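Hi everyone, thanks for coming.

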Amino acid sequence: MKIIRASELEHDTKMEISAIFVDGFYQWLTFFSKDKAKLTKAFSHMFNLEVFYVALIDNEIAGITACTDGKVSSVYLERKEFINSLGFLRGTIAYLVLKQQFEKKAYPFEIAAGMGMVEFVAVSIKNRGQGVAAAMMKYIFDHTSYREYALEVADTNTNAVKLYEKMGYTEFMRVKQKNSKQSGVNALVYMKHNKREL
């Protein structure tokens, strides 16, 4: 397995990155479309390849994640791209909702100087259970200069919570979610890891 910054890839891989993103977050994207091909096309424009990292297995992208200082966005959404893929109504709704949640994300805590935000950890379906997510996160620790790292995870994503705890992350905040029956998420859990503890 090899991990590199997405911008170092030699060919345009936004569709591949988008396909893994859609697989990883599909349950939260089905409101906009249940068609994975449409979703993959809709999201393929948005990734800031300078802050995304990819895991490669046999030269195929097996996993993705982003790490930013909280000031630079890991994604940039364009309304016309969503409309082209999802139609005017759903595309507009997707753009308005997700721009707020992704691009203009407001964390419920202050992102201190020296803190890296780990975002959008996702692994392709065929490569799950092979340590891809852990390897990407370790790579970020080893190759970025932040003093501590924080992330957000749904409380119902128990596999991810266990992985992060195993890697030394500890919960420091939990925010209850409205409409939990519809979203399947009771709370967003915020976890952090101090680099000195590694």
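**The sheet and its helices**

Let's start with a pair of strands: β6 and strand β7 (residues 187-194) are joined in the antiparallel sense over six bridges. Strands count as paired if DSSP finds at least two bridges between them. Helices (H or I, at least four residues) and strands (E, at least two) are DSSP runs, numbered from the N terminus. Within this pair, Met173 stands opposite Tyr190 in β7.

Before going on, a word on what you are looking at. This is a predicted model, where local features need pLDDT of at least 70 and side-chain atom pairs count only at pLDDT 80 or more, while totals for chains, interfaces and linings use all residues. Residues are numbered from 1 along each chain as its sequence is written, and side-chain values use heavy atoms, with hydrogens and water left out.

Now the whole sheet. In what order do its seven strands run? The order is β1-β2-β3-β4-β5-β7-β6, in an open sheet with mixed pairing. At the edges sit β1 (2-5) and β6 (170-176), each pairing on one side only. On average, neighbouring strands of this sheet are turned by 25 degrees against each other, direction ignored. For such angles, axes are lines fitted to C-alpha atoms, for helices over the stretch in contact, and angles run from 0 to 180 degrees between N-to-C directions.

Two helices pack on this sheet. α1 touches β2 (52-57), β3 (60-68), β4 and β5 (148-154), and its direction makes about 75 degrees with that of β3. α5 touches β1, β2, β3, β4, β5 and β7, and its direction makes about 40 degrees with that of β3. Contact here means heavy atoms within 4.5 Å.

Which residues of α5 are buried? They are Val132, Ala133, Met136, Met137, Ile140 and Phe141. Buried means under 20% relative accessible area, exposed over 50%, and partly exposed in between (1.4 Å probe, protein chains only).

Back to the strands for a moment. β2 is mostly covered, with five of its six residues buried. β2 pairs with β1 in the antiparallel sense over four bridges, and Ile3 stands opposite Ala55 in β2. The pairing of β2 with β3 is also antiparallel, over six bridges, and there Val54 faces Ile64 in β3. In the hairpin of β2 and β3, with two residues between the strands, Asp58 takes a positive phi near 50 degrees.

Next, how do α1 and α2 meet? They pack at an angle of about 120 degrees, with their axes 8 Å apart. They are therefore oblique to each other; angles under 35 degrees count as roughly parallel, over 145 as roughly antiparallel, 65 to 115 as roughly perpendicular and the rest as oblique.

Let's zoom in on Thr40, found in helix α2 (residues 36-43). Is Thr40 buried or exposed? Thr40 is buried, because its relative accessible area is 10%. Leaving out residues up to four places away in sequence, Thr40 touches Met15, Ser18, Ala19 and Val22.

Finally, compare Phe31, in the loop between α1 (14-29) and α2. Phe31 has 54% relative accessibility, so Phe31 counts as exposed. Even so, Phe31 touches Arg90 and Ile93, not counting residues up to four places away in sequence.

That's my tour, and I'm happy to take questions.
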